Every structure is written in C-alpha cells, then in structure tokens.
Amino acid sequence: MAKYKLEYIWLDGYKPVPNLRSKTQIKEYASFPTLEQLPLWGFDGSSTQQAEGRSSDCVLKPVAVFPDTTRINGVLVMCEVMMPDGVTPHPSNSRATILDDPGAWFGFEQEYFFYQDGRPLGFPENGYPAPQGPYYTGVGFKNVGDIARQIVEEHLDLCLDAGINHEGINAEVAKGQWEFQIFGKGSKKCADQMWVARYLLIRLCEKYGIDVEFHCKPLGATDWNGSGMHANFSTDYLRDVGGKEYFEALMAAFAKNLNEHIAVYGPDNHMRLTGLHETQSIDKFTYGIADRGSSVRVPHSFVNNGYKGYLEDRRPNSQGDPYAIASRILATIAEVPKP
C-alpha cells in the first residue's frame, strides 16, 4: 500500500466567473486509484460563496482523475459540487446539467495573458511596448522574453504527464499573450480537461511570481488583441455525412440563437467582440470560409470534403465555462433536422 496525495479540484460559486479551488487529502491504495475508488469529500461552502455559515457543508464528487507528476504519488481529482446529501447537484454545478454526446468532439483554444506587477509580462512600467506584429508565434527575447516560454513548456509537459489531450502551444498576437489547445471526445471530457489544464497553469505560475489573466480584454479599449477560447466542434453526423444543405441549416440555427450563445460565451464579451482584432461584432452572426473576422470560421478542408468535418465558433472568450459553451453548441445542433 502507498499513500497518495489526492488534490480535489472544484469550481466555486463566484459570478460571473467561478474560481478554481483545491485541497489535499491523503489516502492509501495498492496502486494509482481509479475514479470509483475516490471518496466523496466535504468542504466549507460558506468560504466559496456556495453556502451560508449556518449551514455550510458542501460535498465534492470526483468525476475525473489524472496523475500529478509534481508530487510523489500525486493525483489530480476534478470534482462536481453537490449538496450535503452527496446526490443533488449544487446550483453552481454547471457540469451536472450540460448536454453531453460522446460522438461530439470539441477542441478549445485557450488564450490568456501572463501578468506581473499589474501589467502584461514584458510591458514597460509606463506606456506600451512596440505595436502588435512580431509577437504572434514569435521567437527571441525581444518578442517573448525569458520566462514565458519556460512556463508554457513546463505546463505542456505537466498536461501530457497527466494524460490531458493537450494539442499545442503558441505565443499570441499581443505581447505577454499565449495560447494552448485542449481536445476531447465528449463535451464533459473535454471541459474537465480544460479546467484541469487551467488549474495546472495557474498553480505552476505561483513559483514564478506570475499571474494568469483570463479576462477577455484586460487592456481595455486599446489596439491590443483580446483573448478568446475558440471552440472547434463536430458531431458524428457532421463528420460522416454533412452536406451543404445541412451546414446552411446549422448556420441558420446558430444565427437564430445568437443571444443564447453570447449569454454563456463568457463575461464582458462586448469589450472583445467589436468587429476589430479578428472578431465579429457581438450583435451579428456571420460565417465565412477561412474568415477569422466571422462568428464561425469554416475551414477550407470542410468545404473541400463536401461540407464535412469540423467548424470553429470564434465567439467564446477566454473566461468562458467550457461546460456551458459545449452544451449550448450541442443544444443548437440538436434543433437542426438531419436531411
């Protein structure tokens, strides 16, 4: 038997964006524990805006488990928050009620800024660095500095060690801005992995004295790009059958549900979806082949393959909840009859 360090991770009740929380317990197992072996565990919901002090008990229900190679016998345990009975989902539990489809594939592109001393990493104390242009996929100290690449490479390794489907990294358009991509089959699986990947990045940055800024437009109304979390998606039908008629009906459904999508695509999106900086305006829905200024970008490969494959919704922002985003996309797809 060995003692395992179980890091229970959950989302708190803060609005409009929940924070990641975690705490450790020690349990003995003969080998790396399975999800079924992990117990429910209570916590003080009055300290996370999930309960009142006079009745503060909330319960953590494990839903996904990953190795944590930063610790000896380390285990990352993604959890849902439940009511004290351990059965009823807590009102803040966005995972428990989302639509899920194992045949639905999602790929999220998580953009973010590194922040230090109240400004993006690499920004001077006063004013701004040179304009955007050389930073996207940039190389060299003047473009990416000396710490950021070390962090993103270490984060990449931690995710791969954990078995997370991390698909890649790159420096982004603004200085101090980066991106990583997570892919998963099934909305819950992909979203679980995105939240754990976010957790690993935030925790990793602690030792560097750096914060991760997920706000979609941290530099406000300036000529610096905001941060998105573009959602690439497909279903069995879209990959295997597709067709122009079905595609056009799907886009009509997305247009009809514009407000429903925007409502769950992350807070303050009006600051980012302005029609500038590779975005469409928040009150419009458009789609276009290889058009990064449209709401939905249609890859050339999709059209060339007979309107089959995946599509990219570019509207979700960097603070969005991947559970809610994936669920809304699936809800709209479900409205469209298959020819």
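Predicted model: local features only at pLDDT ≥ 70, side-chain atom pairs only at ≥ 80, totals over all residues.
Within β2, K27 stands opposite Y4. Strand β1 itself, spanning residues 2-11, is mostly covered, with 7 of its 10 residues buried.

## The largest nonpolar core

The largest nonpolar core of the model comprises 69 residues. F114 and L311 are the residues with the most contacts inside this core. Helix α3 (residues 187-206) supplies the largest share, 11 residues. Because domain 1 (2-93) and domain 2 (104-335) both give residues to this core, it lies between them.

A separate core of 13 residues lies apart from the largest one. Among its members are Y4, C58, L60 and C79. Y4 is also the residue that stands opposite K27 in β2.

## The surroundings of L311

Which residues are in contact with L311, leaving aside its neighbours within four places in sequence? The contacts of L311 include A231, N232, F233 and L238, together with F247, L250 and M251. Also in contact with L311 are V296, R297, V298, P299 and F302.

Notes. Residues numbered from 1 in each chain as written. Heavy atoms only, no water. Core = buried A, V, L, I, M, F, W, Y, C linked by side-chain atoms within 4.5 Å. Buried < 20%, exposed > 50% of the residue type's maximum accessible area, 1.4 Å probe, protein only. Helix = DSSP H or I, 4+ residues; strand = E, 2+ residues; numbered from the N terminus. Domains from an automatic or database assignment. Contact = heavy atoms within 4.5 Å. Pairing = 2+ DSSP bridges.
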